[in-house]
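This report walks through one protein chain for a reader who has not seen it before. Please keep the sequence and the 3D view open while reading.

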Amino acid sequence: MMKMNKKAIIATGTTLMLIVCCGILVACKKGGTKPDPTPPVEAGVKFESSAEIFPNPERGFTKTISVRTALDATALNTYRVNQNTTLIVRVFYLDSYKDKALDQAKLDFIQADLDKIRNAGLKGVIRFAYTDEMTGTDAPLAIVLQHIDQLKPLFVANKDVIAFVQAGFVGAWGEWHDSSNGLATAANEKTVLLKLLSAVPADIMVQVRTPLQKQGVFGTNAAITQAQGFSGTDIARVGHHNDCFLSSDDDYGTYSSNIATEKQYVTNEALYVPVGGETCPPLGGYSTDCAQGRTQMKLLRWTYLNLDYYQPTLSGWRTSGCFDEFVRNLGYRIALVNAVLPATATVNGSLKVDINITNTGYAPLYNKKNSSIILKNKTTGTYYEAPLTYDIRSCKPATTVAPNANIGESVSLNGIPAGDYALYIRIADQAPTLKNRVEYAVRLANTGTWVTDNGGMNDLKSSLKIQ
């Protein structure tokens with residue numbers, strides 16, 4: 001309008017023409033045919049993020065248990081409530097089987113421990129080793145391969161509660177360094193890793209000890225790409241565990257002389273494969289303060305960290321006030337931002353879903369989940385499930401990738417009768433044995449949205465009338 005006034009003034013040089021022109025413009029605006037601009041899309045329901053500390057599956061501080069005795073079921077049952085722990089690193093030692101096959105008693109022992117993990121609502125990061133002494137002995141390659149074959153049925157039967165498998169078997173603690181049987185060579189490491197990948201179900205990832213070891217096995221120093229991520233190929237299933245994190249510039253040899261390049265490799269890989277481990281005593285005045293811990297966990301996208309070691313580092317974080325920050329942010333921390341959902345739908349029609357979420361954690365999820373919209377009939381209390389195609393693993397850390405991710409699709413309402421419904425989103429474990437267990441559902445980091453009914457759901461604060 002101001003632009004047209006200026007032209008009118010220049011053209012006529014009189015105040016009268018300005019008045020007339022303005023009058024015409026006002027009349028056009030009131031009764032003309034030119035439509036108003038499209039109104040902005042409404043934000044719908046907005047959600048408040050929460051700083052509350054709570055447990056979520058497959059992430060956070062872990063308990064590492066490497067005893068040769070059976071797991072204590074009573075202790076396992078306290079981890080979630082008392083320490084917000086949902087993961088344990090379980091190292092199984094095969095000391096007595098370095099020259100022979102595993103017997104049924106040992107296989108039953110392993111199965112019993114995995115049953116206890118399941119009963120406690122936890123998941124395990126599993127590793128096998130033959131010695132916990134640097135001067136100890138491991139097993140010959142043929143025995144290792146035989147043992148992996150014997151363990152395959154256990155991997156398959158318990159894949160629901162195995163979060164990740166660490167490569168193991170080689171050297172002290174199964175950490176892939178010096179081997180009494182010559183296993184710590186590029187050729188033998190490749191043989192062990194590929195054998196393990198063939199025994200572990202394709203939807204479970206395996207972690208190796210250093211970035212160079214993965215690069216040596218697959219013959220490339222290029223990180224996996226988005227096209228490769230979650231593809232189920234061998235290279236896309238191998239992540240990283242660093243058992244001397246925050247201990248020196250090279251973390252006790254975790255990295256070679258090309259530290260920055262190798263860390264960037266892990267950073268890029270960790271969009272698709274997990275990184276975790278434990279701290280070690282720092283060397284040469286290396287700083288393990290809050291700033292360094294925060295920087296390295298963000299950079300390398302840490303998903304889990306041992307709560308039991310190294311205690312002076314962990315105690316320093318508690319004293320300095322950043323421990324709770326790390327409890328919140330290790331792994332994923334996904335929250336609802338807003339949701340735009342229609343108020344009405346027709347029987348056997350569809351529901352258009354538009355939900356924005358954000359991930360303020362250090363890492364994404366790595367194991368596939370089943371996401372769905374849950375409709376609860378307000379009169380009968382009956383629940384109905386409308387599956388989503390959205391893969392929650394694509395919600396990457398907001399600080400390094402994108403501020404928000406969008407769940408935008410139409411879900412079928414077939415088979416859901418007319419009525420008034422409250423709407424929820426559920427992110428459940430994909431295993432049939434766990435999909436209805438609240439301990440394995442993903443809780444979103446919002447205020448007033450988490451409900452434990454129906455296997456654990458997040459309230460979308462929206463209603464739908466199907467008619």
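## Basis of the model

The model is predicted: local features need pLDDT of at least 70, side-chain atom pairs count only at pLDDT 80 or more, and totals for chains, interfaces and linings use all residues. Residues are numbered from 1 along each chain as its sequence is written, and side-chain values use heavy atoms, with hydrogens and water left out.

## The chain as a whole

The chain has eleven helices and 18 strands. Both are DSSP runs numbered from the N terminus, helices being H or I with at least four residues and strands E with at least two. Of the 467 residues, 50% are buried. Buried stands for under 20% relative accessible area, exposed for over 50%, and partly exposed for values in between, with a 1.4 Å probe and protein chains only.

Contact means heavy atoms within 4.5 Å. Among contacts between residues at least 6 apart in sequence, 78% join residues at least 24 apart.

## The barrel

Eight strands form a closed barrel in the order β2-β3-β4-β5-β6-β7-β8-β9, with parallel pairing. On average, neighbouring strands of this sheet are turned by 25 degrees against each other, direction ignored. Two strands pair if DSSP finds at least two bridges between them.

Helix α3 (residues 73-83) lies across β2 (60-65) and β3 (87-93), and runs at about 155 degrees to β2. Axes are lines fitted to C-alpha atoms, for helices over the stretch in contact, and angles run from 0 to 180 degrees between N-to-C directions.

## Two nonpolar cores

A nonpolar core is a set of buried Ala, Val, Leu, Ile, Met, Phe, Trp, Tyr and Cys residues joined through side-chain atoms within 4.5 Å. The largest has 47 residues, of which F128, L151, F155, F169 and L193 touch the most other members. Elements that each supply at least two residues of this core include α3, β3, α4 (104-119) and β4 (123-129). Helix α5 gives the largest share, six residues.

Beyond its neighbours within four places in sequence, F155 is in contact with F128, I162, V165, L196, A199, V200 and P201. A second, separate core of 41 residues includes L246, W302, Y304 and L307.

## Strand β13

Strand β13 (residues 369-377) is largely enclosed by the rest of the structure, because seven of its nine residues are buried. Nine bridges join β13 to β16 (residues 419-429) in the antiparallel sense, and K376 has A422 in β16 as its bridge partner.

Strand β13 is also antiparallel to β14 (residues 383-387), over five bridges, with L375 opposite Y384 in β14. The hairpin of β13 and β14 has five residues between the strands, and G381 in the turn has a positive phi of about 80 degrees.

## Residue T267

T267 lies in helix α8 (residues 259-269). Its relative accessibility is 7%, so T267 counts as buried. Apart from neighbours within four places in sequence, T267 is in contact with L299, L300 and R301. The C-alpha atoms of T267 and A363 are separated by 9.9 Å, while the two residues are 96 residues apart along the chain.
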